[in-house]
Amino acid sequence: MNEHLKRVLTERVNTSLYQSSVATHLNGVLPLKYDDPSLSDRYDHPWHPILWDLKLPDELLVEVEDLCNIMMGDGHPLKSTFANMVADNIHALEKRVTGHTIWCPVVREVWTLLKDEDPESTLVGGAVRDILMDNSPKDYDFASALSYDKLVEIFEENGFTVKERGKQFLVMIVSKEHEDGYSVECEIANYRKDGTYTDGRRPDEVSIGTIEEDAKRRDFTVNALYFNLRRQELIDPTAYGIQHIQEKKLSFVGSAKARIQEDSLRVFRFYRFLSRGFNPDKKSLGACRNHFEVAMKETAPERVRAEIEKIVL
């Protein structure tokens with residue numbers, strides 16, 4: 001089972017959080033929704049060894065075991081346990097990414113170079129979201145644990161043009177001419193941790209961070225999913241990205257107010273994503289409504305226009 005998912009599940013001790021996240025994965029595998037509060041009062045079944053292997057907290061372990069017994073009948077050997085059910089669902093999503101055909105040879109070369117050089121490199125953001133939702137990505141963005149200078153060296157040695165205009169934010173654009181004569185670009189960034197925001201658009205400084213810190217700086221949970229290129233593993237640091245993909249739910253990462261204050265354009269991005277069929281998280285929608293007037297004043301007109309054009313054109 002995905003080690004990151006194990007770690008996330010271990011942190012889930014609140015029943016409401018359990019119902020809103022883990023049950024979603026179960027729904028993708030079995031036609032039963034865990035929405036009966038009385039289930040949490042029945043703790044009379046022995047714990048099964050495979051559930052022990054998840055190392056869940058006692059409160060969650062008992063609820064999960066109850067659910068398994070109800071679904072499969074008391075005394076059932078539980079050949080398909082909670083762990084396996086979740087793993088199967090995650091595996092199905094991972095296969096969707098690995099089975100995705102990248103027609104552009106330049107993008108394939110970027111993918112291969114990162115996979116070979118950095119075991120922690122990932123496809124990140126919109127491309128992962130689009131593939132999981134059976135849409136064709138318009139852009140392919142990658143993240144890497146290699147140093148910025150090492151990444152520049154690798155891609156220049158392999159015939160790519162490297163634009164370093166985003167170096168202060170640990171971002172580069174690598175490009176190479178396609179055989180049809182046009183240039184193809186991919187964005188590569190380090191895993192980052194943002195400093196303070198004072199201009200309502202960009203962080204004052206950016207430093208090297210972990211994948212968890214990188215996820216916290218992203219706008220929406222559905223855009224904070226990572227796919228490890230070498231291990232072919234789907235990583236969900238916020239613990240809500242996969243769930244919200246399946247529900248088509250749009251929610252800010254962490255505090256909606258904080259994400260909007262970092263970049264007021266996110267208000268308009270939120271509405272653009274709703275136009276693509278997502279359902280709004282109530283708190284996120286409320287934050288956008290509350291900050292709309294300020295966002296109109298603080299966001300450059302050309303940035304607002306670009307979001308509107310993406311909705312209507």
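Analyst: **The aromatic cluster and its setting**

Tyr-271 is partly exposed, because its relative accessible area is 26%; the class runs between buried, under 20%, and exposed, over 50%, with a 1.4 Å probe and protein chains only. The model is predicted: local features need pLDDT of at least 70, side-chain atom pairs count only at pLDDT 80 or more, and totals for chains, interfaces and linings use all residues. Residues are numbered from 1 along each chain as its sequence is written, and side-chain values use heavy atoms, leaving out hydrogens and water.

Tyr-271 belongs to one aromatic cluster with Phe-220, Phe-252, Phe-268, Phe-270, Phe-273, Phe-278 and Phe-292. Rings of Phe, Tyr and Trp (its six-membered ring) pair when their centres lie within 6.5 Å; planes under 30 degrees apart are stacked, over 60 edge-to-face, and the rest tilted. By that rule the model has 12 aromatic pairs. Take Phe-268 and Phe-292. Their ring centres are 5.6 Å apart and their planes stand at 65°, so the pair is edge-to-face. This pair links distant parts of the chain, 24 residues apart: Phe-268 sits in helix 12 and Phe-292 in helix 13 (residues 282-298). Helices here are DSSP runs (H or I, at least four residues) and strands are runs of E (at least two), numbered from the N terminus. Tyr-271 and Phe-270 also pair edge-to-face, with 6.1 Å from centre to centre and 85° between the planes.

Phe-270 counts as buried because its relative accessibility is 0%. Phe-268 is buried too, at 9%. Phe-292 is partly exposed, at 33%.

Stay with Phe-268. Helix 12 covers residues 265-274. Beyond four places in sequence, Phe-268 touches Phe-292, Ala-295, Met-296, Thr-299, Val-304 and Glu-307, where contact means heavy atoms within 4.5 Å. Ala-295 lies 27 residues from Phe-268 in sequence, and their C-alpha atoms are 8.4 Å apart.

Now the nonpolar cores. Each is a set of buried Ala, Val, Leu, Ile, Met, Phe, Trp, Tyr and Cys residues joined through side-chain atoms within 4.5 Å. The largest has 59 residues; Val-110, Leu-123, Phe-142, Phe-155, Val-174 and Ile-188 touch the most other members. Helix 6 (residues 105-117) contributes the most to this core, 6 residues. A second, separate core holds 9 residues, including Val-124, Tyr-191, Tyr-226 and Ile-235. Leu-123 has contacts beyond four places in sequence, among them Trp-111, Tyr-140, Phe-142, Tyr-226 and Phe-227.

Last, the charged pairs. A salt bridge puts a side-chain nitrogen of Lys or Arg within 4 Å of a carboxyl oxygen of Asp or Glu. The count comes to 21. Glu-109 bridges Lys-176, with closest N and O atoms 3.0 Å apart. That bridge spans 67 residues, from helix 6 to strand 4 (residues 171-177). Glu-109 is partly exposed, at 26% relative accessibility. Glu-185 and Lys-163 meet at 2.8 Å, N to O. They join strand 5 (residues 183-190) to strand 3 (residues 161-163), 22 residues apart. Glu-185 is partly exposed at 41%, and Lys-163 at 29%. Glu-262 and Arg-266 form a salt bridge at 2.8 Å, N to O. Both of these residues, Glu-262 and Arg-266, are buried. Glu-120, Arg-231 and Glu-233 are linked in a network of salt bridges.
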